[in-house]
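Here's a quick briefing to read alongside the model. Have the sequence and the 3D view open as you go.

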Amino acid sequence: MAHVSLFLIQGERNKITKDPLIAAPKVAYIIRQLKRTEEIELFRELYGKQVFQISAYMDPIARKTRLATKMRDYDNTSTRISDFEGEALNLVKLDDNEPDNPYGQRLRDVYPLADVFIDASTSDSAKKTIGRFVKILFGYNFHSPSRDEYGMYVAKSASLRSVDLSRQVGAAVFSPKGEVKVLGCNEVPSPSGGTYWEDDRGDAREFKIGWDTNENFKYRLLGDTLKQLEAIGLIEKKYVEMSTRDFLASIKEEKKVDLTKRLMMMDVIEYGRIIHAEMNAITDAARKGISIDGDVLYCTTFPCHLCAKHIISAGIKRVVYIEPYPKSYATELYIDDISLERSESDLSKDRVHFEPFIGVAPYRYRDYFEKSKRKDGDGKALEWKNGAPKPDIKIKTTAYIDNEFAYLQYMLSQFAAKGVMLSDEDHNISNSEQGYNRDTQQKDAKTDVEIDRQDKVGAIPQPDGSASRD
């Protein structure tokens with residue numbers, strides 16, 4: 001869908017400027033929904049930081065109820081919302097992930113890649129969080145980071161110390177007033193306390209041994225299971241004689257089922273040498289005698305069930321996270337101890353609150369909060385960075401249009417190679433017969449910044465992740 005959007009964006013620009021190679025001033029193009037990480041990655045590769053992904057959070061139960069209500073209202077033969085709740089829940093799950101479809105929806109993967117996260121629980125909360133972001137984007141000088149934004153930025157910074165083979169996760173424990181207590185990241189523990197740092201003696205991080213120990217154990221567990229089942233005659237011997245990876249590959253080929261995404265066994269996390277970021281923070285606090293009772297833990301990823309019990313036991317009262325973690329069974333195992341409610345009125349209850357992060361993403365923290373002087377020559381406070389509301393986007397050229405042009409030309413060549421042809425009316429792609437020859441247009445184009453496009457065109461991303469030049 002992102003590819004189609006690029007054609008539409010160029011077409012809309014052409015309607016405004018009569019030339020798809022000239023930027024349309026004071027125009028924003030809104031893509032209503034993204035379903036895969038490849039889509040936002042493509043937009044950012046082409047347009048850079050002019051792209052803003054807004055991820056809107058709503059409680060899954062509320063999403064299900066709202067969708068079921070709309071389905072009931074559309075069907076004039078039914079009066080009960082409950083009649084549609086099962087179908088609505090299935091649609092919510094389908095949005096989140098389609099594991100058996102290589103081209104399916106992956107909303108849970110693209111959601112965390114936002115520039116800003118907004119609270120869509122109610123119209124008022126959505127307007128409030130979007131309104132604040134728009135003011136920040138337009139250069140308002142006096143929105144400082146919230147406690148949650150600061151906490152998550154610190155947690156994200158902590159994550160960058162990890163060289164774990166799977167992912168980087170960071171955690172930061174703060175007092176309710178916003179004071180930093182202790183940090184952690186997912187890394188191999190050191191016998192001297194804490195975790196290994198660069199150039200430590202005896203450095204035994206997993207990249208040193210060359211493989212993920214937990215991944216290795218998962219396949220060993222599966223191999224043992226197959227061996228025991230074969231011993232009592234439940235499966236054929238041929239499945240035991242092959243490696244577990246070959247076994248899974250054969251099932252995928254023969255049955256068209258990817259068991260690596262279906263077996264609960266493949267979600268096992270107990271055998272990794274890595275200490276998780278949350279555990280790292282909690283054990284460091286214990287080692288240093290730092291009380292974290294009643295504090296807030298910011299974590300870049302939803303805690304696993306192993307970390308959850310330490311969080312509960314440590315007395316932490318609030319956990320804020322960004323990325324989902326499908327392998328976590330925290331809410332199933334500790335259903336009486338964990339609340340997923342965001343309502344502030346619910347904070348008095350005797351539970352630990354796990355809440356999705358709302359605010360400017362760590363990815364954009366410095367872009368929006370790092371400022372120079374906020375006063376004029378007379379010392380008077382300046383409300384707006386540029387003297388008046390104006391998008392604070394650090395783009396000095398329109399080379400992104402050339403990147404877009406070259407990419408769409410590449411896509412057209414791919415369509416042609418597969419026998420798929422689009423009409424000029426459909427895609428509005430420039431060509432010499434329509435008078436859109438790039439060399440002549442560069443001489444006539446009137447833009448805010450004069451550039452030599454032929455020199456400014458950068459690497460053009462390809463669908464396979466490689467890059468080429470125009």
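**The cysteine pair**

The sulfur of C304 has its closest cysteine sulfur in C307, 3.7 Å away, which is too far for a bond. A disulfide here means two cysteine sulfur atoms within 2.5 Å, and the structure holds zero of them. Keep in mind that this is a predicted model, where local features need pLDDT of at least 70, side-chain atom pairs count only at pLDDT 80 or more, and totals for chains, interfaces and linings use all residues. Residues are numbered from 1 along each chain as its sequence is written, and side-chain values use heavy atoms, with hydrogens and water left out.

**Burial of the cysteines**

- C304 counts as buried at 2% relative accessibility (buried is under 20% relative accessible area, exposed over 50%, partly exposed in between, with a 1.4 Å probe and protein chains only).
- C307 is buried as well, with a relative accessible area of 1%.

**Around N214**

- N214 sits in helix 9, residues 213–231 (helices are DSSP runs of H or I, at least four residues, numbered from the N terminus).
- With a relative accessible area of 10%, N214 is buried.
- Leaving out residues up to four places away in sequence, N214 touches V268, I269, E270, Y271 and G272 (contact means heavy atoms within 4.5 Å).
- A polar atom of the N214 side chain lies 2.9 Å from the backbone nitrogen of Y271.

**Y150**

- Y150 belongs to helix 7, residues 147–159.
- Y150 is partly exposed, at a relative accessible area of 35%.

Technical notes. Helix = DSSP H or I, 4+ residues; strand = E, 2+ residues; numbered from the N terminus. Polar contact = N/O pair within 3.5 Å; in protein donor to acceptor, adjacent residues only side chain to side chain.
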